[in-house]
Amino acid sequence: MSSQVVEILSAEEIRRAITRLACQIIEKADDLSQLVFLGIQSRGVPLAQFLAQQVEALEGVAIPVGAIDITFYRDDLDQIKTRTPAETDIPFDLTDKVVILVDDVIYKGRTARAALNAVTEYGRPETIWLVVLVDRGHRQLPIHPDLVGKTLPTATQERVTVYLKSYDGRDAVELTRPT
């Protein structure tokens with residue numbers, strides 16, 4: 001089966017989306033000192049780092065950044081290929097903090113659900129926000145992001161792929177359509 005690949009966001013458009021999301025986080029937050037970013041492994045981690053860098057550049061406040069692996073919190077472990085779990089690195093207390101979960105794409109909502117379960121293993125946050133670069137729709141669970149970089153209506157047979165320089169050597173978001 002052949003497919004058509006369309007670039008949805010360029011590197012510059014990703015940078016602008018991150019800047020816009022950082023501004024929205026600043027506006028929404030009552031107290032920036034209570035924020036912590038948790039990137040969902042794998043591409044949510046560099047996105048969380050980019051967001052933290054933008055908040056610091058705009059406001060002069062350094063926001064702690066951690067990484068959370070949700071592999072063992074998934075409800076489809078029996079259906080996916082076995083994979084080596086990534087590292088969870090949360091070098092700060094989550095209790096009474098505003099935890100900002102960051103991911104690249106939200107689709108069915110199952111990764112976000114797993115991340116919510118994982119977070120509770122590490123403390124009891126005051127609030128949890130979900131921030132995603134791309135929302136492609138088709139939720140199977142009643143989970144919706146608080147902030148979205150790009151809303152992209154898709155068909156279920158389409159695939160959205162986020163490429164980040166730290167993993168892939170380039171920054172882009174692509175939509176693959178079967179033809």
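I looked up tryptophan 129 and found it in strand S5. Strands here are DSSP runs of E with at least two residues, helices are runs of H or I with at least four, and both are numbered from the N terminus. The model is predicted: local features need pLDDT of at least 70, side-chain atom pairs count only at pLDDT 80 or more, and totals for chains, interfaces and linings use all residues. Residues are numbered from 1 along each chain as its sequence is written, and side-chain values use heavy atoms, with hydrogens and water left out.

Is tryptophan 129 buried or exposed? I read a relative accessible area of 8%, so tryptophan 129 is buried (buried is under 20%, exposed over 50%, partly exposed in between; 1.4 Å probe, protein chains only). I then listed its contacts (heavy atoms within 4.5 Å). Beyond neighbours within four places in sequence, they include Ile25, Lys28, Leu35, Val99 and Asp146. I also checked proline 145: its C-alpha is 7.3 Å from that of tryptophan 129, at 16 residues apart in sequence.

Next I turned to helix H2, residues 44-59. Its 16 residues should span 22 Å at 1.5 Å a residue, and the end C-alpha atoms are 22 Å apart, which agrees. The expected span is 1.5 Å times one less than the number of residues. Among the buried residues of H2 I noted Leu47, Leu51 and Val55. The buried residues of H2 pack against several elements, including helix H1 (11-28) and strand S5 (127-135). Just after H2, I found glycine 60 with a positive phi of about 75°.
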